[in-house]
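Please look over the sequence and the three-dimensional structure shown below before reading on. The report that comes after them is written for a reader who is new to describing protein structures.

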Amino acid sequence: MKTDITWAIGGEAGFGIMSSGTMLAKTFSRAGYGVIASNEYPSLIRGGHNFVSVRITTATVHAPKKSIHILIALNKETIDLHKSDLDLNAYVVYDEKDYAWKQEEFNHPITLISIPFSELLKQKNGDAVMRNTIALGVSMFLLGKDISLLTHVIQDQFKGKGEAIVTENIDIATLGYTYVKDHFEALHDQNISEGIIKEPQLVMNASEAVALGSLAGGMKFAAIYPMTPINALIPLFADHATELGIVYKQPEDEIAGINMAIGASLAGARSMVATSGGGFALMVEAVSMAGVMEVPVVIDLGMRPGPATGMPTWTEQGELHMVLHAGHGEFPRIILAPGDVEESYTLAKTAFDLAEQFQTPIFLLTDKYINETLWQLPREVLKTQTKGEIHADTDALPFKRYDRSTQSGISKRSFPGQKDHEYIANSYEHDEYGYTTEESGMRKTMVEKRLYKMKAIQAIIPPPTVYGEENADITFVAFGSLKGVVLDAMQTVKETGIKVKLIHFSWVYPMVEETIKQLLEKEKRLISIEQNATGQLASLIREATGVTIAEKWLKYDGRQWTTEEIIERAKGMK
Amino acid sequence: MKEDQFLTATKPTWCPGCGNFGIWMALKNALTKLAIPRENIVIVYGVGCHGNMRDWMNVYGVEGLHGRALPVAQGIKLANPNLTVIAITGDGDCLGEGGNHFIHAAKRNPNITVLVHNNEVYGLTTGQASPTAQIGMVTKSTPTGVVDPPFTPSSLGIFAGATFAARGFTGDIPFLAELIRAAIIHKGFSVVDMLQPCVTFDKIHTYQWYRERIQKVNISEESLGDKKQSIELASTFGEKIPIGVLHKRVENTSEDREIVLKNGPLSLLPTVSVDTLELLSQFQ
């Protein structure tokens, strides 16, 4: 019996590859396993190669693995592309009608399992797109689990489409299960032991977790122009706007989106936008406006490989510098980069409180990998939420929206409708009431007022999280979505006798100079591991603390660092 | 005379004789007549000479970015539909930099009013041609005359979906005030194209030039809903320039389509308790 298995399915786009990954992940999550599902696909709707891998472990899991134990190939290309990733004695499920694979065509021994997908579907008059459902049935047997675990998920997944659809899907999944049981009864090498996770889990991607976290943070208005990889936010808001008590608006472009969000915020609604690098480039002028007007707004930026349209459906951490410097002029900002789905929820929630508290743009820096990977979120986490209150001035008149007398630089707000609290939210430099000014003293005061907030922000920024062993031989430094893969690799690296540590930033900016300097300077060997070509985190650390991280492990091929790649490179250092 | 409740400590900086003075007066007269409590009015300004009005207009004001007044105005209205939201824009701001926002706002039909200061030039940058500049007009950016045909703001608005359109002239303040008042009362996206001379950078389109051409039209309620006829009237600009209400019909507004707004402003809605949401079942 195994405790850690990677199952994968590949085929042409349009054949339900993604949804079968989701179904299998949910099936095993419900049964107490750790699951994580990651996908790879080109920027096409039909045709092209789609691929999902689900890693199933008996305990909690941090990252997917490249090495595959069970590969379901709904076309020949899947095996062509992924046979080098097969584990020793992996099971390869295919249809010999597509191509009659022979053992000699593989690098090492594997088990070929031909399933007559089309024949089986004919028996039930099933559509060709239901081959994935047969595959799920087959997989349940190969993993050594009862088909009922899967049929419960099918039932819940399809119940909205009527009883007939539910029955058809269950029948077809069962057909696959029975066929492989009858013809390959002896195959038990990929059976998995019982899962030990007791706490109820939800399965979702980071976009969905950001959406839920935003709601928990009192978000009431979202204007999101569609863009990969943050699209999963949209149906969550759009389909349920009434239930959630929010307005979701699809703007004509990202410029309109952020300007709408700023408008809603001025009228008292906690608001947000979400986009990727190209869309964010369009928003930049308005980010600067939110800075000078001191308007709370949350910006979720899902990074993908640039420049320009780049590789829309792949991953990168290439926009840290852009977000650091986005917007002309000088004003405060906070950059948060969640490392997993739980942090996506909690930091999204926190972002809205920070925006309200500091009245300035707050960034959530996510990426394609974290936004489209399916993770588990302990259901308990959703119990944490904020009141989502907005705070209006009630002090003695006259009301000074931009009162400069506060030490923190934070002045009280008012909202249209509030009597005797009129002011101008002004994109020009302004005085304490919002009136335009070009007077040198007032200009200087107002610049300082806004930047005082940076000090107040620094006072509440938590230090980076440290994972791993003391007196480490190597210390990884990373931000955002690299958390999971590094943590996962560390388990194996540790076993080779190398002491390893991770200093992970999910609160990326501002950096508190002394804290971080002390943390880094005591380490023997620092390695900045990043998903970009220029080492943007290392360069921010150097700018903020003076600490130079000479060693950089950089990956910028659009594919997330894998556990295996990190392990191999770490072992090579011995 | 009643005290001007809209005055601030700042005095206007527009050039003497600027058409903006007439527009400002007309707007204040319309708002006074409507008797909307001052705190319930939000004016979103574009960037241009028109936008400088923010400093001498005592209501909630938002001075946005060049071209972006309309998305901000829509965000405000969608967050609190109880507010009277007016966008003050210019021909360059609204139709040049902000053209995409203008047509999409018209398409959605939010209950906001757009006042387009139309003088055919960019005044604040000292006199370049705007998208409404007539062919042949010599400006700083068109030394041999404008070659690209102009827009008429109201015809573009009607075509894109505006449910109210009017054209007025800053030289006739009572009439313009009446148009602005009608636009604000109208439930839906209302556009008022306001013809104004730029006394500094345009020596052709003087008060006199407009007075010789404008003709007040009085169209029956039924005919006002005829888009084709309205567009034709709105596009007429030359020897004859029709002014008055050019288009009016009733449609659902952008806010009407947001069921949640029936409960009032978003700021008053409670934060949902996430862990009890029904939609969580999709993640199980």
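The sections below describe the domains, the contacts between parts and some local features of this predicted model.

## Domains of chain A

Chain A is divided into four parts: domain 1 covers residues 4-198, domain 2 covers 203-383, domain 3 covers 392-460 and domain 4 covers 465-571. For domain 1 of chain A and domain 2 of chain A, the C-alpha centres are 34 Å apart.

## Where domain 1 meets domain 2

In the contact between these two parts of chain A, 19 residues of domain 1 of chain A touch 12 residues of domain 2 of chain A. Together domain 1 and domain 2 of chain A bury about 1,200 Å², and 53% of this area is on carbon and sulfur atoms. On the side of domain 1 of chain A, the residues A:A37, A:N39 and A:Y41 supply 36% of the area buried against domain 2 of chain A, which is more than any other three residues supply.

Across this interface of domain 1 and domain 2 of chain A, the rule finds 0 salt bridges, whereas it does find 7 residue pairs in polar contact, with both residues at pLDDT 80 or more. Two elements of chain A, α1 (17-30) and β2 (34-40), each supply at least two residues of the side of domain 1 that touches domain 2. The largest share of that side comes from β2(A), with 7 residues. Sorted by class, the residues on the side of domain 1 of chain A that touches domain 2 of chain A are 10 nonpolar, 7 polar and 2 charged.

## Where chain A meets chain B

Turning to the two chains, 66 residues of chain A are in contact with 54 residues of chain B. Chain A and chain B bury about 5,100 Å² between them, with 60% of that area on carbon and sulfur atoms. Within chain A, the residues that lose the most area to chain B are A:E252, A:P416 and A:E422, which together account for 12% of what that side buries.

Between chain A and chain B there are 23 residue pairs in polar contact, counted with both residues at pLDDT 80 or more. Several elements of chain A give two or more residues to the side that touches chain B, among them α1, α7 (206-216), α10 (254-266) and α11 (277-293). Of the elements of chain A, α10(A) gives the most to this side, with 7 residues. By class, the side of chain A that touches chain B holds 33 nonpolar, 18 polar and 15 charged residues.

## Salt bridges

Side chains of opposite charge can pair when their charged atoms come close. Over all chains, a search of the whole structure finds 43 salt bridges, and the rule finds 3 salt bridges across the interface of chain A and chain B.

Which residue of chain A forms a salt bridge with B:R108? The partner is A:E252, and the closest N and O atoms of this pair are 2.6 Å apart. This pair crosses between chains, since B:R108 is in helix α4 (residues 99-108) of chain B and A:E252 is in the loop between β9 and α10 of chain A. In another salt bridge, the side chains of B:E258 and A:K249 meet at 3.8 Å, N to O.

## Aromatic pairs

A pair of aromatic rings is described by the distance of the centres and the angle of the planes. By the rule used here, there are 19 aromatic pairs over all chains. For B:W14 and B:W24, the ring centres are 6.1 Å apart and the planes are at 75°, so this pair is edge-to-face. B:W14 is in the segment before α1 (19-34) of chain B, while B:W24 is in helix α1 of chain B, and the two residues are 10 residues apart.

## Backbone features

The bond from A:G306 to A:P307 is cis, with omega near -5°, and A:P307 is in the loop between β11 (297-303) and α12 (320-325) of chain A. The bond from A:L397 to A:P398 is also cis, with omega near 0°, and A:P398 lies in the loop between β14 (375-378) and β15 of chain A.

In chain B, the residue B:A35 has phi near 55°, a positive value in a residue other than glycine. B:A35 is found in the loop between α1 and β1 (41-45) of chain B.

How values were computed:
Residues numbered from 1 in each chain as written. Chains lettered and ligands numbered in written order. Predicted model: local features only at pLDDT ≥ 70, side-chain atom pairs only at ≥ 80, totals over all residues. Heavy atoms only, no water. Domains from an automatic or database assignment. Contact = heavy atoms within 4.5 Å. Buried area = accessible area lost by both parts, 1.4 Å probe. Salt bridge = Lys/Arg side-chain N within 4 Å of Asp/Glu carboxyl O. Polar contact = N/O pair within 3.5 Å; in protein donor to acceptor, adjacent residues only side chain to side chain. Helix = DSSP H or I, 4+ residues; strand = E, 2+ residues; numbered from the N terminus. Nonpolar A, V, L, I, M, F, W, Y, C, P; charged D, E, K, R; others polar. Phe/Tyr/Trp six-rings, centres within 6.5 Å; stacked < 30°, edge-to-face > 60°.
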